[in-house]
Amino acid sequence: MSNETNQTVQIGGNSITLNDLIGKMTLDEKIAQLIQLAVPFYEGAEDAGLITGPMESLGITEDTVRNSGSVLGMAGAKDVINVQRTHLENNRLGIPLLMMADIVHGFKTIFPVPLAIGCSWDLPLAELSAEIAAKEAAVSGVHVTYAPMVDLVRDPRWGRVMESTGEDPYLNAEFARAFVRGFQGTDLAGDYDRVAACVKHFAAYGAGEAGRDYNTVDLSERQLREFYLPGYKAALDEGCEMVMTSFNTVDGIPATGNSNLMRKLLREEWGFDGILISDWGAVKELIAHGIAADETEAAAKALKAGVDIEMMTSCYAKNLADLVAKNEIDEALIDEAVMRILTLKKKLGLFENPYRAANPEREKEIVFCDDHRAASFELALKSCVLLKNESVLPLQSGQKIAVIGPFAQSGDLLGPWSWTGSHDAVVRLADSIKNKLSQPSSLLVAAGCDIESSTEEQWQEARAAAEAADVIVLALGEHSDMSGEAGCRANIQLPTVQLELIRKLKALNKPMVAVLFNGRPLDLHGVYDEADAILEAWFPGSEGGNAVAELLFGGANPSGRLTMSFPYSVGQVPVYYNAFNTGRPQGAADAQVRYVSQYLDIPNEPLLPFGFGLSYTEYDYSEASISSDTMTAEQPLTVTVKLTNSGKVAGEETVQLYVRDISGEVVRPVKELKDFRKVLLQPGETQEIEFTLTESQLRYYHSDLQHFSDAGEFLAFVGPNSKQTTALSFKLVK
Ligand code: GLC
């Protein structure tokens with residue numbers, strides 16, 4: 001039980017320990033703390049959401065509302081203050097509400113989607129984005145954000161890859177830490193400009209079969225621990241206050257009812273004693289999964305698994321009191337859940353200051369202020385990835401430019417999970433480009449097609465614009481609803497009408513730059529060969545149009561590096577860099593022509609690998625060396641490489657260090673990212689980059705799930721991405 005038990009809070013001017021407060025609560029009042037209401041409930045909506053509508057039909061009494069513990073999705077200082085005030089007027093013991101919401105990559109100032117932030121490899125900026133999101137959310141009355149999402153992803157068919165930072169466990173863990181630091185700061189009680197974070201979705205939600213949302217996950221515990229758990233663990237090691245369950249099964253049991261995962265691993269092994277909240281409806285979904293016969297059994301299983309708050313269904317509200325009365329659950333389980341909820345309320349200072357940072361006047365100054373937009377612009381610059389450039393970029397201000405495509409004048413640059421942002425406030429790409437031209441009249445704009453439909457008229461307009469231009473900038477991509485939750489696609493190419501537009505414009509023989517706005521790695525057939533240059537912009541956020549224009553005209557040098565592989569085609573998926581070699585690797589010296597692990601019709605390698613990204617300058621790697629060919633637990637190694645900017649413009653390179661364990665007790669990935677360094681170099685400048693490699697970085701989960709390193713042969717790799725590296729061999733001696 002949390003050591004907060006004996007800490008006191010102030011209620012109505014009196015001090016009381018959390019323990020004594022719980023002692024004063026009726027069973028119904030305790031159960032109500034486990035209930036989360038949604039905004040429509042407060043708007044009196046009859047049919048919005050699952051936990052709103054006629055209370056009696058949901059088994060929710062007036063008491064439940066008066067005593068409910070938290071609210072989902074409410075933001076806006078004035079509204080929050082009103083709801084909190086009314087709640088406290090009606091709550092017998094004066095226990096305040098927790099206000100929770102999805103503030104994933106920004107509040108009003110929307111940052112690039114997390115997959116884009118991952119491609120920045122810029123941890124300080126990632127942390128700043130979370131800090132700004134927290135500040136805008138906090139002043140708008142939010143106490144908790146349902147973020148960061150740290151699910152490792154390997155399947156771009158899944159809509160929520162946009163919400164992750166990619167396919168590498170080490171990098172995901174580093175970003176998880178940065179986001180938690182940004183959201184929570186170091187003094188949640190005293191720093192009202194921060195919010196509590198809720199790491200999600202526990203666990204391995206990104207491993208759904210066939211890239212289909214909510215689908216079955218079936219992994220060995222070793223795979224789970226080696227690849228999927230590091231992100232969550234890192235967030236909790238950084239002090240993340242809450243965890244959200246995932247919709248999927250883990251080893252045959254839905255996470256939300258999985259005591260092995262939640263009680264044994266999360267709470268006992270990892271020592272997490274914070275709030276565990278279900279995902280939306282996931283408690284009731286135990287029925288559909290097939291481990292609960294009804295809502296009563298679902299409530300019992302979820303509570304026994306350690307789920308403290310049920311989101312958006314009312315299994316707890318309807319059944320927990322009866323389950324206690326029938327001795328089918330121990331009231332102590334409810335007490336421990338209530339203790340965790342009250343403890344977070346205490347940590348946030350809500351008993352003494354139930355409105356915390358909510359302040360309508362301050363809200364107007366802070367939300368979407370210039371400094372915040374500048375930070376979003378900076379992060380968007382760093383998140384875009386230059387995938388191809390055959391001497392077309394950067395553009396020149398004196399050129400006549402046709403901006404053609406469904407995103408030429410679209411505000412849909414915010415991406416999924418930007419419900420508090422404003423598309424209207426987004427500067428359109430065409431307008432941003434216009435600002436870069438010496439003659440505004442040199443800008444020609446045409447849609448060419450919609451995202452998934454087109455007309456002859458649209459084509460005619462596009463052709464006219466293209467024929468009059470020196471350069472075509474294609475603004476293409478996916479609607480933000482084509483990724484995100486439940487946004488899964490079996491075909492991950494651009495929509496057909498857009499590929500058709502590219503093909504027809506290609507016939508005009510004009511230089512073509514494709515800018516992509518999308519939430520996943522795409523199959524770039526019909527784009528990669530046809531365009532002379534490709535800038536992956538993802539969903540770049542509130543300042544995305546300006547950032548893309550800045551990069552296109554060379555005001556900034558692209559520095560993003562992919563954190564998720566771009567497959568050659570969807571047939572390769574899942575494809576990721578840290579894969580196992582197999583017994584018949586393609587290309588081995590003694591490989592047979594046919595009988596190796598390969599396809600007859602496509603390559604094994606992705607089109608663009610993890611870590612890949614181009615620049616407007618060139619970087620030369622030389623003199624890679626290792627301090628010794630032997631490492632011990634006491635004697636780490638140093639890997640050194642010289643990096644020279646041999647081009648004509650300054651640029652930021654991300655030097656990457658990988659390792660391969662040549663022979664383990666279980667098979668080991670052909671490469672694993674262990675460290676990286678972002679290096680800004682002026683033209684002609686050389687820097688010596690040094691990495692320290694330690695024995696602890698060579699540890700892995702053995703077949704008995706013990707985590708340690710083996711003596712033996714290793715390779716260290718250093719270079720610009722997971723493919724182009726220099727290998728350095730060494731031994732670990734024990
Ligand atoms: C959704 C998502 C989760 C989100 C929650 C609340 O279904 O899976 O990430 O935080 O519901 O909106």
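The shell around the ligand has six nonpolar, one polar and five charged residues. In this count Ala, Val, Leu, Ile, Met, Phe, Trp, Tyr, Cys and Pro are nonpolar, Asp, Glu, Lys and Arg are charged, and the others, Gly among them, are polar. The model is predicted: local features need pLDDT of at least 70 and side-chain atom pairs pLDDT 80 or more, while totals for chains, interfaces and linings use all residues. Residues are numbered from 1 along each chain as its sequence is written, and side-chain values use heavy atoms, with hydrogens and water left out.

Which residues surround the ligand? They are D102, Y146, R160, K200, H201, M244, F247, D279, W280, M311, W417 and E485; a residue is near the ligand if one of its heavy atoms lies within 4 Å of it.

Next, the polar contacts, meaning pairs of N or O atoms within 3.5 Å. The side chain of H201 has an N or O atom 2.6 Å from an oxygen atom of the ligand. For D279 the distance from such a side-chain atom to a ligand oxygen is 2.6 Å, and for a polar side-chain atom of E485 it is 2.9 Å. Taken alone, the ligand exposes 310 Å², and the protein buries 95% of that. These areas come from the Shrake-Rupley method with a 1.4 Å probe.

Now the sheet. Eight strands form an open sheet in the order β11-β8-β7-β6-β5-β4-β3-β12, with parallel pairing. β11 (275–277) and β12 (310–311) are at the edges with a single partner strand each, so one side of each has no neighbour in the sheet. Strands here are DSSP runs of E, at least two residues, and helices are runs of H or I, at least four, numbered from the N terminus; two strands pair if DSSP finds at least two bridges between them. Strands β7 (residues 196–202) and β8 (residues 242–245) run parallel and are joined by three bridges. F202 has T245 in β8 as its bridge partner.

Last, the cavities. A cavity is a set of points on a 1 Å grid over the protein atoms alone where a 1.4 Å probe fits but cannot get out, and lining residues have an atom within 4 Å of a point. How many cavities of 30 Å³ or more does the structure hold? There are two. The largest cavity has about 50 Å³ of space, the volume being the space filled by probe spheres set on the points. Its lining is V104, P114, A147, P148, M149, E163, T165 and F179.

Terms used:
A polar contact is a pair of N or O atoms within 3.5 Å; within protein, one must be able to donate a hydrogen and the other to accept it, and residues adjacent in sequence count only if both atoms are side-chain atoms. On a 1 Å grid over the protein atoms alone, a cavity is a set of points where a 1.4 Å probe fits but cannot get out, and a pocket is an open set with protein on both sides within 12 Å along at least five of seven lines; lining residues have an atom within 4 Å of a point.
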